[in-house]
Amino acid sequence: MTQNEKRNTAIELKMLMSVAWKTTTLAYEQWLTREGIDLSGLQSAVLRMVAHEGSNTISELSKRFAIDPSTLVPTVDALERKSLLIRQRDPTDRRRVLLTLTEDGQALVARLPHLIEDDPLLDGIEALGEEKTMKLIELLSLLVSAMPEGVQLLHNALPRLLASGLKEENLLCKQFIQRRP
């Protein structure tokens, strides 16, 4: 494959992954709106992660979500204004600011599904069939693990997968997630 063909393939792959992500995210945010839940997809993901792991810092969450901490600050601010989480100093290290769910935050997380029933991704998986879906997961796992810091990013994403209710032993991408100290 020439350099130009690689470039074109990369652009096409980015576009396809972006459309898949945006389609499923939009469907989830529409579900939140229908249910009268005033959250964005990222806000609900942050709540779920804090609920799963207990107290986190913005820095720790940014690693889990593979996004810059400055992106999370407005999200955390909004969740704090909604009284769904609080910031508090770590009693063992006053430099760290921990994020902890409030009772309202815990109650809301209990209401949030890990996957909505009408997620368009489910329709896509059904159309692909089991064999092609398993192959797609394998190929995407290989692709990510071949990227710079890809294995570390997969490892950092593991808590998000576990927070969604998946068991580590059932993950199809587990062979690509290598434990890091």
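**Confidence and local packing in the predicted model**

For the protein chain, the mean pLDDT is 87, with 94% of residues reaching 70 or more. Residues are numbered from 1 along each chain as its sequence is written. Local features need pLDDT of at least 70 and side-chain atom pairs count only at pLDDT 80 or more, whereas totals for chains, interfaces and linings use all residues; side-chain values use heavy atoms, with hydrogens and water left out.

The axes of helix H3 (residues 58-65) and helix H4 (residues 69-81) come within 9 Å and cross at roughly 115° (axes are lines fitted to C-alpha atoms, for helices over the stretch in contact, and angles run from 0 to 180 degrees between N-to-C directions). H3 is therefore roughly perpendicular to H4, a class covering 65 to 115 degrees. Contact (heavy atoms within 4.5 Å) involves Ile58, Leu61 and Ser62 of H3 and Pro69, Leu72, Val73 and Val76 of H4.

Strand S1 (residues 85-90) pairs with strand S2 (residues 93-101) in the antiparallel sense over six bridges; pairing requires at least two DSSP bridges between two strands. The two strands form a hairpin with two residues between them, and Gln88 has Leu98 in S2 as its bridge partner.

Notes: Helix = DSSP H or I, 4+ residues; strand = E, 2+ residues; numbered from the N terminus. Parallel < 35°, antiparallel > 145°, perpendicular 65-115°, else oblique. pLDDT = per-residue confidence, 0-100.
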